[in-house]
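Me: I have a structure to go through. Can you walk me over its helices and its core?

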Amino acid sequence: MGKNLSRRDLLKTLGLATGGLLTLPLQGLAETNIRLHIPNSELNPAPDKPVTAITLGAGNRGNVYGEYAAKFPEHLKIVGVADPIVIRNQRYCQRHNIPVENSFVTWENVFERAKFADAIIITTPDNLHFGPCMKALAMGYDILLEKPIAPTEKECRDILALAKKTNRVVAVCHVLRYSPYFVKLRELIQNGSIGKLISVQHLEPIQHIHMSHSYVRGNWHNSKETTPIILAKSCHDLDILRWMIGSSCENIAAFGDLKWFKNENKPAGATPRCIDGCAVEKECPYSALKIYYRDRQRTYVFDLPDEVEKQGEFILDRLRTTNYGRCVYQMDNDQPDHYTTNLQFSNGVTAAFSMEAFTSYEGRRTRVMGSHGDIVGDMTQFTYTNFLTGEKTDWKLTSDAHGGGDWNLVSDWVKAVSQQNSSLLSSSIDVSVESHIIGFTAEKSRLSGKVKKVVL
């Protein structure tokens with residue numbers, strides 16, 4: 001039984017030294033210095049020949065996964081790209097030496113050609129996942145699919161059905177499964193180090209600026225045009241809870257709504273755009289001028305020119321012409337800014353998950369309660385407490401970028417594709433669809449005000 005582990009064995013299990021994990025800074029994809037773990041070359045040797053892939057969507061996530069090919073060309077080679085934004089397309093082609101004939105405007109253009117790569121990397125907007133995924137499966141491509149799988153439950157189930165019919169390798173980018181932090185946390189739960197697992201509390205603090213940027217002004221501001229926020233932002237969390245607990249979810253009760261970012265809370269003197277002489281712009285924490293122009297946060301969405309002297313006016317032009325310059329109280333947003341979900345699993349474990357917009361910090365917080373110990377963590381470190389001895393043991397990881405999981409995911413996917421073996425994936429399409437159904441069921445519960453049974 002795990003509770004009888006000696007201190008030496010427990011320290012070995014915890015892995016206080018992070019075990020040879022290396023990190024690499026990745027510049028230019030966001031306003032922060034993302035650091036990615038370099039996978040262990042002994043556990044992930046290069047295949048006989050590189051897996052070739054076409055990237056659909058050359059934005060932030062497309063570049064994160066594409067950079068793996070730049071760092072490990074013997075593992076993965078990007079041979080094509082589709083993106084209607086010219087500067088993104090051009091930069092991606094330059095980065096990966098993609099010939100002009102393999103540069104496409106839309107994902108549909110890619111499939112007008114006969115199959116010319118092993119796989120497709122789908123990092124298009126959420127509402128453009130289903131079409132290219134179904135077409136790629138039909139043409140015999142293996143797939144790396146950014147989450148969420150698709151905006152609706154039916155589309156997720158249709159993708160799963162076709163993936164099984166065509167027997168293709170489909171990995172969903174539930175990268176937290178590949179984070180060393182969550183891998184270690186799950187290991188302690190599963191090996192009995194805390195005794196019998198009883199319950200889990202999990203918090204996702206979106207952070208107030210991130211919320212205003214992505215889910216009020218940004219691409220995911222309207223659930224009807226994209227997907228509900230419980231999927232768009234938190235399918236990672238539902239998936240990681242299902243994965244750590246190791247049992248199917250049976251019942252869900254969810255609550256939450258849009259409380260703050262709406263017209264009735266608009267301050268007197270606020271203009272439709274922050275740049276139009278708003279009387280309260282200097283006092284507003286959500287001022288677009290402050291966030292994007294003065295503080296230069298999250299400006300990667302503007303695809304800024306390389307010339308620094310041109311960037312300021314470029315940003316101002318975007319604030320005049322895009323949703324990113326609009327008042328947060330005068331948008332057509334409908335995504336909840338607080339969302340609480342209670343989950344009951346078939347093994348009797350319960351979990352309480354809360355997604356919160358109004359925090360000054362980001363980074364998931366997790367509390368795991370067992371019969372003989374508990375764990376408290378914040379995605380970079382956690383503390384294990386042994387109930388018998390009262391002894392506390394700390395584990396710490398120095399990493400960013402989904403806790404270091406992004407490239408570990410790509411590494412496993414390359415191995416699965418090269419060996420044509422989906423069992424090598426932690427986030428295969430079948431298990432990922434299950435956690436998505438949990439999210440869709442949570443949304444049904446929230447909207448109906450009733451406890452809902454999860455039907456897989």
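This is a predicted model: local features need pLDDT of at least 70, side-chain atom pairs count only at pLDDT 80 or more; totals for chains, interfaces and linings use all residues.

Reply: Residues are numbered from 1 along each chain as its sequence is written, and side-chain values use heavy atoms, with hydrogens and water left out.

Me: Which residues of α3 are buried?
Reply: Asn89, Tyr92, Cys93 and His96; buried means under 20% relative accessible area, exposed over 50%, with a 1.4 Å probe and protein chains only.

Me: Why are they on the same side of α3?
Reply: Because they cover an arc of only 100 degrees around the axis, taken from the directions from the helix axis to the C-beta atoms. Val86 and Gln94 are exposed on the face turned away from that buried side.

Me: What covers the buried residues of α3?
Reply: The cover includes β3, α2, β4 and β5.

Me: Switching to α2 and α14, at what angle do they pack?
Reply: At about 65 degrees, with axes 10 Å apart; axes are lines fitted to C-alpha atoms over the stretch in contact, and angles run from 0 to 180 degrees between N-to-C directions. Among the contact residues are Tyr65 and Tyr68 of α2 and Trp407 and Val410 of α14, contact being heavy atoms within 4.5 Å.

Me: And in the largest nonpolar core, which residues touch the most other members?
Reply: Leu56, Ile149, Phe182, Leu343 and Ile429, out of 85 residues. A nonpolar core is a set of buried Ala, Val, Leu, Ile, Met, Phe, Trp, Tyr and Cys residues joined through side-chain atoms within 4.5 Å. Helix α10 gives the largest share of this core, 7 residues.

Technical notes:
Helices (H or I, at least four residues) and strands (E, at least two) are DSSP runs, numbered from the N terminus.
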